[in-house]
Amino acid sequence: MTSPDFSAFDCFARADSASPNPLFGLVAQGYANSVISKVIEETGRNGLTAALQCWMGQLQPLTTTWQASVSKLGRRIFDEGQRPDPERAGRLLLDLSGSLDTADYVFELSSGLPVVYDGRIHTATEPVHLMKENDRVTVHGLDDGLALSIDGAIAMVETKQSVDSLCNDGEPAVPLDMSKVDNFGWAAEVSEGINLMATVNPNYEIWVRRLLNTLILTERLENRTCSGSWSDTSGTVYISQPNSLLEVGEVLIHECAHQHFHLACRVFPMKTDTENGRYFSPPVGRDRPLDMILIAYHAFANVLTYYECAFDMSLGDQLSHNRYKSFSQEVAVLESYLDNNKGLSELGRTIFTTLRQSRQERISTLPDIAADA
């Protein structure tokens, strides 16, 4: 069975003498610890300092490490060298609350963003007070909230807000309108699609579940499916209702591929310092820099592998075959830009060549039904 592309992390593995499977956690842990260290250096809040120092001494589960490592707090502190504001620090403590030995911290939700906590989505009625007493975490200042559908560690937020209103690069990254959030029954279809993805290729279920913690579901769009994620928002993806169960896997693999890629970019660049070319990207219909060409190739090439595994099992309808054919044409264009491009960094070149070789080996064994799709 073809495995997902973990080539980005193989580079780190060689340096750390670690195997690929735990490598993601090692990289994220190092990044997260750097973030937490800077919080402790900068903050004068004794309660926050004590709580985070206790957390740093523990080996964290992968999901918790991911939340800390790619959150907006992490980007603000680690990448930009800025002092964390109280809300970002408070949200980090909420993410880590189950792992803290002690906590006593008050913050306000000045951004207006809701809080996903303990299987519910909340708004604040007053300043939020996080406390831990007698080994029990309590949070004051939140409304009763709305119970979310849960699939493993994935919380699913269902909203009739338009998907286009979620698709932006500004602040806040996830502009949820709480008046349009409810349980509409869409999450059951997504859970069924995740189960199908696990059947088609269980490695891709790992690929998705190791990153995804919040999935925002919007109404179905006519003749298309729209999805997206943010490089600096912890494990969150938005998606309109898919047209088929197989398409659930496609979208989640695509978006989580982006999140794998973004984590790798935290450690090493994907292009050289002197590379400033622009290349026309068919998936988005506009010119993009080389590292964005690579991120698209990385996502769509893994999606093609997923569909090929499904076709091997005689799964898929005409829509999925049409999507496969369209993606194949786009990947061929992206590959032509990346092939022998000296603007790729060592890491970028490793990701491309490893994935291309895997694709070439896979294509050579395809049955006619997938090859001609």
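**Questions on a predicted model**

User: With which residues is leucine 94 in contact, leaving aside its neighbours within four places in sequence?
Analyst: In this predicted model, contact stands for heavy atoms within 4.5 Å. Leucine 94 has its place in helix 6 (residues 86-96) and is buried, at a relative accessible area of 8%. Once neighbours within four places in sequence are set aside, the contacts of leucine 94 are Phe107, Val115, Tyr117, Leu130 and Val139.

User: How far apart in space are leucine 94 and leucine 130, C-alpha to C-alpha?
Analyst: Leucine 130 is one of the residues in contact with leucine 94. Along the sequence the two lie 36 residues apart. In space, their C-alpha to C-alpha distance is 7.5 Å.

User: How many helices and strands does the secondary structure of the chain contain?
Analyst: The chain has 373 residues, and buried residues make up 52% of them. Among contacts with a separation of 6 or more, 66% join residues 24 or more positions apart. The secondary structure comes to 14 helices and 13 strands.

User: What share of the accessible surface of the chain belongs to carbon and sulfur atoms?
Analyst: The accessible surface of the chain amounts to about 16400 Å². The share belonging to carbon and sulfur atoms is 46%.

User: Is leucine 334 buried or exposed?
Analyst: Leucine 334 has its place in helix 12, and its contacts beyond four places in sequence are Ser281, Pro282, Pro283, Ile293, Ala296 and Tyr297. The cut-off for a buried residue is under 20% relative accessible area. Because its relative accessibility is 0%, leucine 334 counts as buried.

User: How many residues apart are phenylalanine 300 and phenylalanine 327?
Analyst: The structure holds 9 aromatic pairs. Phenylalanine 300 and phenylalanine 327 form a tilted pair, with 5.1 Å from centre to centre and 50 degrees between the planes. Phenylalanine 300 is in helix 11 (residues 290-312) and phenylalanine 327 in helix 12 (residues 318-338), so the pair links distant parts of the chain, and the separation is 27 residues.

User: What is the relative accessibility of phenylalanine 327?
Analyst: Its partner in the aromatic pair, phenylalanine 300, is buried, with a relative accessible area of 10%. Phenylalanine 327 also counts as buried, and its relative accessibility is 9%.

User: With which residues is histidine 254 in contact, leaving aside its neighbours within four places in sequence?
Analyst: Histidine 254 has its place in helix 10 (residues 245-267). Histidine 254 is buried, at 14% relative accessible area. Beyond four places in sequence, histidine 254 is in contact with Ala299, Phe300 and Val303.

User: Which residue caps the N-terminal end of helix 9?
Analyst: Helix 9 (residues 202-209) has Tyr204, Trp207 and Val208 as its buried residues. These cover an arc of only 90 degrees around the axis, and therefore lie on the same side of helix 9. At the N-terminal end of helix 9, a side-chain oxygen of the capping residue lies 3.0 Å from the backbone nitrogen of asparagine 203, and the capping residue is asparagine 201.

User: With which side chain does the side chain of serine 179 make a polar contact?
Analyst: Serine 179 has its place in the loop between helix 7 (163-166) and helix 8 (187-200). Serine 179 is exposed, at a relative accessible area of 64%. The polar contact spans 2.6 Å, and the partner side chain is that of aspartate 177.

User: What is the phi of asparagine 340?
Analyst: Asparagine 340 lies in the loop between helix 12 and helix 13 (346-363) and is exposed, with a relative accessible area of 70%. Although asparagine 340 is not a glycine, its phi is positive, at about 60 degrees.

Note on methods: Residues numbered from 1 in each chain as written. Predicted model: local features only at pLDDT ≥ 70, side-chain atom pairs only at ≥ 80, totals over all residues. Heavy atoms only, no water. Helix = DSSP H or I, 4+ residues; strand = E, 2+ residues; numbered from the N terminus. Buried < 20%, exposed > 50% of the residue type's maximum accessible area, 1.4 Å probe, protein only. Areas by Shrake-Rupley, 256 points an atom, 1.4 Å probe, with all protein chains shown as cover. Arc of directions from axis to C-beta. Polar contact = N/O pair within 3.5 Å; in protein donor to acceptor, adjacent residues only side chain to side chain. Phe/Tyr/Trp six-rings, centres within 6.5 Å; stacked < 30°, edge-to-face > 60°.
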